[in-house]
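Morning, everyone. I have one structure to walk through today. Have a look at it first.

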Amino acid sequence: MTQAKIDLTARRIQLVRESFGRVEPKGSIASLVFYQRLFTIDPSLRSLFRHDIEEQGVKLMQALKFAVATLEQPRELQSVLEALGRRHVYYGVKECHYDTVGTALLDALEDLLGPAFTPEVKEAWRAIYTLVAEAMKCAAAKAGEGMSGTAAAVTELANDDTRAARDAE
């Protein structure tokens, strides 16, 4: 997998920062809107979230805040995204999930920003998300190649145990 070349213009960065500035104060609502949309699009993704969704929402908003703040420091952003991508392999995230997450993110931003979510703002967010997702997918692919059969089996068993425990509740 190769990293996509994304044009992060000063204007796109400005639009993302300004729109995030409107969303960030409503972080808990924003994250809940995002997860509601994500699980509506693909209910099977709910099983990947083993912790309290509000706690997960805080982490989501922190990650978005960091990404938005470091758009002009690509090395710093890249290393964090690669670590996230590797970690998400072990959570059971697959490459196809990134498209679903991107759709849910754009839908949530549109809901939260209303008319301020112009086509130009949407395209700016799409470009930023593409950059983020590609960096994470590349790192995840490398991490997945590095997983031994035993590690992959242990990860799958842990996922099965979690699903079984959730089904028993």
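**Contacts, helices and rings**

Take contacts between residues at least 6 apart in sequence: in this protein, 79% of them join residues at least 24 apart. Contact means heavy atoms within 4.5 Å. This is a predicted model, where local features need pLDDT of at least 70, side-chain atom pairs count only at pLDDT 80 or more, and totals for chains, interfaces and linings use all residues. Residues are numbered from 1 along each chain as its sequence is written, and side-chain values use heavy atoms, with hydrogens and water left out.

The protein has seven helices and zero strands. Helices (H or I, at least four residues) and strands (E, at least two) are DSSP runs, numbered from the N terminus. Along the sequence the pattern reads α-α-α-α-α-α-α. Of the 169 residues, 39% are buried. Buried means under 20% relative accessible area, with exposed over 50% and partly exposed in between (1.4 Å probe, protein chains only).

The axes of helix 1 (residues 10–23) and helix 5 (residues 95–113) come within 10 Å and cross at roughly 65 degrees. Axes are lines fitted to C-alpha atoms, for helices over the stretch in contact, with angles from 0 to 180 degrees between N-to-C directions. Helix 1 and helix 5 are therefore roughly perpendicular; that label covers 65 to 115 degrees, with under 35 roughly parallel, over 145 roughly antiparallel and the rest oblique.

Which residues meet there? Ser 19, Arg 22 and Val 23 in helix 1 meet Leu 109, Leu 112 and Leu 113 in helix 5.

On to the rings. The whole structure holds five aromatic pairs. Rings of Phe, Tyr and Trp (its six-membered ring) pair if their centres lie within 6.5 Å; planes under 30 degrees apart are stacked, over 60 edge-to-face, the rest tilted. Tyr 35 and Phe 39 are stacked, at 5.9 Å centre to centre and 25 degrees between the planes. Both lie in helix 2 (residues 27–41), four residues apart, about one turn of the helix. Tyr 35 is buried, at 4% relative accessible area. Phe 39 is buried too, at 16%.

Phe 39 also pairs with Phe 49: the centres are 5.5 Å apart and the planes at 70 degrees, so this pair is edge-to-face. Phe 39 sits in helix 2, and Phe 49 in the loop between helix 2 and helix 3 (53–69), 10 residues apart. Phe 49 is buried, with a relative accessible area of 16%. Ring pairs link Phe 34, Tyr 35, Phe 39 and Phe 49 into a cluster.
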